[in-house]
Amino acid sequence: MTLTDSLAHSRNLGQLLIIGFDGTEMTPRLASLLRRVQPAGVILFARNIRSAPQTWRLLAECQKCVATRLFTCVDLEGGPVDRLRDALEPTPSAADVFATADRRLFRKHGQILGENCRTFGFNVDFAPVLDLAFAASRSVMGSRTVSSNPRETIRYAREFLAGLRTAKVLGCGKHFPGLGEGRLDSHHELPVIDKPLQQLWAEDLLPYRVLHAQLPFVMISHAAYPQVTKEKTPASLSKTWITDILRQQIRYRGLIVSDDLEMGGVRGEASVGQAAVEFIRAGGDSCLICHHEEFVTQACEEFVRTVERDEKFARRAAEAARRVRACKKKWARILHAGGRATRAPSPARVQRLTRRLWEFDEQVRLEKAAL
């Protein structure tokens, strides 16, 4: 059996994808997609979430379609990025919690968000944001960032990650190498950050350098850094950023995921299928494709075509798939923790979460007011 045959036979190509979809219930079409692709994970958004029991059942049905344990992912930062907002009480933003200057509340923020994730059936939270709160990005990032001082950002993120771990949820540092100087929203356009590596290393990259061993995932941004790469290629497609700097210089050993490849910041550079291939080629491990089935299919087909004609890419794809499986093995207890529950969360459990959110929000407001 050739390397290509082995790769396809073991369904490893699906491990290079974390996918989103429409709807709040399992459908024959979604089940078919999941069985065909066998993705590393799924990601849900507010459009998929009505209540805790409904979300828990949906994720359980997704897992039944996939042979390996899924990363069940959500963006839950608090504040403006809160996918559970319509199903639970809103959660304070990272900036609001940081403004209390209370480390215990930083950790409690992570723990409460982690418990919310667990109740709904998620085992991965794509948080915390490690971007720095520079003036340039204030209109884009708002209360998602906590400080322009990287050491203050580290102080919050370290406690937040510990809180997530207490709740048996994996966290993710984002958006590497940093969107703090980005004036454009990468959901729509490509931010070009004209900053030298020496300054990035001392500022934007410091949280990754200090916390690299505590981050199960790092998410790569769709922003260009021409002083570093000598071109306007997004970091998400850049071997310089992903392999040379993140893997080799920072010595990050966790899982590297892309930001959503359907975003405008990367779509101007490549089709979704081409971007997926280039992200893996550059050293990434698993691509996020968060909305449309046709783009998931496009990425799968582009993987297969490239593996068949490019032996070097086939080896890189096999390596990425091994990393994903190794990550799942390393964190097996956390990934399986939610799977031990045989029933969807009870109304009483959801009510307890709601009460804790009220109490936490009040505590944050009181401590901010006291400063």
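Which residues does Leu-215 touch, not counting residues up to four places away in sequence? The model is predicted, so local features need pLDDT of at least 70 and side-chain atom pairs count only at pLDDT 80 or more, while totals for chains, interfaces and linings use all residues. Residues are numbered from 1 along each chain as its sequence is written, and side-chain values use heavy atoms, with hydrogens and water left out.

Leu-215 touches Leu-130, Leu-161, Cys-172, Gly-173, Tyr-208, Tyr-252 and Gly-254, residues up to four places away in sequence not being counted; contact means heavy atoms within 4.5 Å. Leu-215 sits in the loop between α9 (206–211) and β8. Helices (H or I, at least four residues) and strands (E, at least two) are DSSP runs, numbered from the N terminus. Leu-215 counts as buried because its relative accessibility is 3%; buried means under 20% relative accessible area, exposed over 50% and partly exposed in between, with a 1.4 Å probe and protein chains only. From Leu-215 to Leu-170 the C-alpha distance is 8.1 Å, although the two are 45 residues apart in sequence.

In the order β7-β8-β9, 3 strands form an open sheet with parallel pairing; two strands pair if DSSP finds at least two bridges between them. β7 (172–176) and β9 (255–258) are the edge strands, each pairing on one side only. From one strand to the next the twist averages 25 degrees, where axes are lines fitted to C-alpha atoms, for helices over the stretch in contact, and angles run from 0 to 180 degrees between N-to-C directions. Between β7 and β8 (residues 217–220) there are 3 bridges, and Ile-220 in β8 is the bridge partner of Phe-176. β8 and β9 pair over 4 bridges, with Phe-217 bridged to Leu-255 in β9. Both faces of β9 are covered: Leu-255 and Val-257 are buried on one side, and Ile-256 and Ser-258 are buried on the other.

One runs from Lys-174 to His-175, with omega near 5 degrees, and His-175 lies in β7. The other runs from Phe-176 to Pro-177, with omega near 0 degrees; Pro-177 lies in the loop between β7 and α8 (197–202). In the loop between α7 (150–166) and β7 is Lys-168, which has a positive phi of about 65 degrees although it is not a glycine. Lys-168 counts as partly exposed because its relative accessibility is 40%.

β2 (residues 41–44) pairs with β3 over 4 bridges, and Ile-43 has Cys-73 in β3 as its bridge partner. Thr-72 also lies in β3 (residues 71–74), and counts as buried because its relative accessibility is 5%. A polar atom of the Thr-72 side chain lies 3.0 Å from the backbone oxygen of Gly-121.

Helix α11 (residues 239–249) has Trp-241, Ile-242, Thr-243, Ile-245, Leu-246 and Arg-247 as its buried residues. Ser-238 caps its N-terminal end, with a side-chain oxygen 3.3 Å from the backbone nitrogen of Thr-240. Just after α11, Arg-251 takes a positive phi of about 65 degrees.

The nonpolar packing remains. The largest nonpolar core has 94 residues, and Phe-176 and Phe-303 have the most contacts inside it. Such a core is a set of buried Ala, Val, Leu, Ile, Met, Phe, Trp, Tyr and Cys residues joined through side-chain atoms within 4.5 Å. Leaving aside neighbours within four places in sequence, Phe-303 is in contact with Leu-13, Leu-16, Leu-17, Ala-276, Val-277, Ile-280, Cys-287 and Phe-313. Another core, of 20 residues, lies apart from the largest one and includes Ile-18, Ile-43, Leu-170 and Leu-288.

Methods: A polar contact is a pair of N or O atoms within 3.5 Å; within protein, one must be able to donate a hydrogen and the other to accept it, and residues adjacent in sequence count only if both atoms are side-chain atoms.
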